[in-house]
Amino acid sequence: MVNTKSFFATLAALSLSIGSATAFTGRASWDVLGTKPCPIECDKNLDYRVALPITLFPNGERCCERVHVQYQDRGIDVTFTDLCLSCANSFNISLSHQAFSQIADLKLGQIYPVDWTFFPKA
Ligand SMILES: *[C@@H]1O[C@H](CO)[C@@H](O)[C@H](O)[C@H]1NC(C)=O
């Protein structure tokens, strides 16, 4: 007989660890117009900001959390401050130009593929 209880406990633990470490892959642009601020106000004086797809966080879940964005061998740590409307139904993101310029030339306008993931919660 399979031990149902421990099976589900394992399953729950597994999905938890996947949930916190999930990396999304999409395209990054910078200072996209189709964004709106998170419903909760994050630190306004941040240069390194990211707007994440509104369809993933319709109520601003995880707003103000830290996100790591990786493009090729360049990475940048940013704060999730805005919701990206034009990124709806994708894993595409919009970086502040300050953040974008740390991982690619602004002249490129957009870069792909970019991996982004939330920092594990302390
Ligand atoms: C997301 O990025 C991909 C790759 O560049 C692109 O094909 C797609 O149209 C984008 N989707 C949205 C909603 O912007």
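Reader: Which residue is the bridge partner of Val67 in S5?
Author: This is a predicted model, and in it S4 and S5 pair in the antiparallel sense, with six bridges between them. One of the residues paired this way is Val67, and its bridge partner in S5 is Val78.

Reader: In the hairpin of S4 and S5, which residue takes a positive phi?
Author: Two residues sit between the strands of that hairpin. The positive phi, near 50°, belongs to Gln72.

Reader: And on the S7 side, what is the bridge partner of His68?
Author: S4 also runs antiparallel to S7, and four bridges join them. For His68, the partner in S7 is Thr117.

Reader: Take Cys84, then. Which residues does it touch, leaving out those up to four places away in sequence?
Author: Skipping residues up to four places away, the list for Cys84 is Val32, Gly34, Thr35, Ala51, Leu52, Pro53, Ile54, Ile93 and Ser94.

Reader: How many charged residues does the shell around the ligand have?
Author: The residues around the ligand are Gly26, Arg27, Ser86, Cys87, Ala88, Asn89, Ser90, Asn92 and Tyr112. By class, three are nonpolar and five are polar. Arg counts as charged, and the number of charged residues in the shell is one.

Reader: Stepping back, in what order do the elements run from the N terminus on?
Author: The chain comes to two helices and seven strands. Among its contacts between residues at least 6 apart in sequence, 78% join residues at least 24 apart. Read from the N terminus on, the order is α-β-β-β-β-β-β-α-β.

Reader: Before I set anything up with these coordinates, where does pLDDT stay under 50?
Author: For the chain, mean pLDDT is 88, and 81% of the residues reach 70 or more. Where pLDDT is low, the predicted coordinates should not be read in detail. The stretch under 50 has zero contacts beyond four places in sequence in the model, and it covers residues 10-18.

Reader: Last one: what percentage of the residues in the chain is buried?
Author: Buried here takes 20 or more other C-beta atoms within 10 Å of a residue's own. Out of the 122 residues in the chain, the buried share is 25%.

Key
Residues are numbered from 1 along each chain as its sequence is written. This is a predicted model: local features need pLDDT of at least 70, side-chain atom pairs count only at pLDDT 80 or more; totals for chains, interfaces and linings use all residues. A residue is near a molecule or strand if its C-beta atom, placed from the backbone, lies within 6 Å of it. Two residues are in contact if their C-beta atoms, placed from the backbone, lie within 7 Å. Two strands pair if DSSP finds at least two bridges between them. pLDDT is the predictor's confidence in each residue, from 0 to 100. A residue is buried if 20 or more other C-beta atoms lie within 10 Å of its own, exposed if 12 or fewer, and partly exposed in between; C-beta atoms are placed from the backbone.
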